[in-house]
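I opened this entry to work from the whole chain down to single residues. My notes follow the order in which I looked things up.

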Amino acid sequence: MTEEPPVDGNGATGPIDKVADLGRDIGAYIRQQRNTAKISLRQLSKLAGVSNPYLSQIERGVRKPSAEILQQIAKGLRISAEALYVQAGILDLPAGGPVPDAIRADAELSERQKQVLLDVYESFRRQNSQNSQSAAEQAETENEPELKE
């Protein structure tokens, strides 16, 4: 009697299968973005500077692209390279919220502009958090009863 290898919720049986799933997932995501942008495979391959057959293999999940290739594809699709990195499992999903999500989704901003805006926004949030924490600590010490000897 042979034992079946354990299968996770996605049908993957181990680390190799999980890597293969990531390749299919990123390929499907790239195809979806390309179709949304109404760009043909050939047009994207020219825009990204990647060969047509290689791009086709990526979309079908046969090949798993490097971070550099993902960056080129993102540029061709005019989307965030970060979005492709997250999709490919290279980066963790960034902390979201309506403001960061809106900044990342804005097609009018360059990647550099988006990053600067996100950095400024996060610095304001950290500063406000520290200020409110200091104010709460100060109020707490003012409300403590004084000990008399």
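**Entry 1: the chain**

I noted at the outset that this is a predicted model. I began with secondary structure. The protein chain has seven helices and zero strands. Read from the N terminus, its elements run α-α-α-α-α-α-α.

Next I checked burial. Of the 149 residues in the protein chain, 25% are buried. I then looked up the surface. The chain exposes about 10900 Å², and carbon and sulfur atoms supply 51% of that area.

I also looked at contact range. I took the contacts between residues at least 6 apart in sequence; 43% of them join residues at least 24 apart.

**Entry 2: the α2/α3 pair**

I turned to helix α2, which spans residues 41–48, and helix α3, which spans residues 52–59. At what angle do α2 and α3 pack? I found about 110°, with the axes 9 Å apart. Angles of 65 to 115 degrees count as roughly perpendicular, so α2 and α3 are roughly perpendicular to each other. The crossing of the two helices is right-handed.

Then I listed the residues at the meeting of the helices. From α2 come Leu41, Arg42, Leu44 and Ser45. From α3 come Asn52, Leu55, Ser56 and Glu59.

**Entry 3: Ser45**

I took the α2 side first. Ser45 lies in helix α2. Is Ser45 buried or exposed? Its relative accessibility is 7%. Buried means under 20%, so Ser45 counts as buried.

I looked up its neighbours, leaving out residues up to four places away in sequence. Ser45 touches Val50, Ser51, Asn52 and Leu55. Asn52 and Leu55 are also among the α3 residues that meet α2.

**Entry 4: Glu59**

I moved to the α3 side. Glu59 is found in helix α3.

Which side chain makes a polar contact with the side chain of Glu59? I found that of Arg31, at 3.2 Å.

Glu59 touches Gly27, Ala28, Ile30, Arg31, Arg34 and Leu41. Leu41 is one of the α2 residues at the helix pair.

Terms used. Residues are numbered from 1 along each chain as its sequence is written. This is a predicted model: local features need pLDDT of at least 70, side-chain atom pairs count only at pLDDT 80 or more; totals for chains, interfaces and linings use all residues. Side-chain values use heavy atoms; hydrogens and water are left out. Helices (H or I, at least four residues) and strands (E, at least two) are DSSP runs, numbered from the N terminus. A polar contact is a pair of N or O atoms within 3.5 Å; within protein, one must be able to donate a hydrogen and the other to accept it, and residues adjacent in sequence count only if both atoms are side-chain atoms. Contact means heavy atoms within 4.5 Å. Buried means under 20% relative accessible area, exposed over 50%, partly exposed in between (1.4 Å probe, protein chains only). Accessible areas come from the Shrake-Rupley method with a 1.4 Å probe; for residues, only the protein chains shown count as cover. Axes are lines fitted to C-alpha atoms, for helices over the stretch in contact, and angles run from 0 to 180 degrees between N-to-C directions. Angles under 35 degrees count as roughly parallel, over 145 as roughly antiparallel, 65 to 115 as roughly perpendicular and the rest as oblique. A crossing is left-handed if the near helix is turned anticlockwise from the far one by less than a right angle, and right-handed if clockwise.
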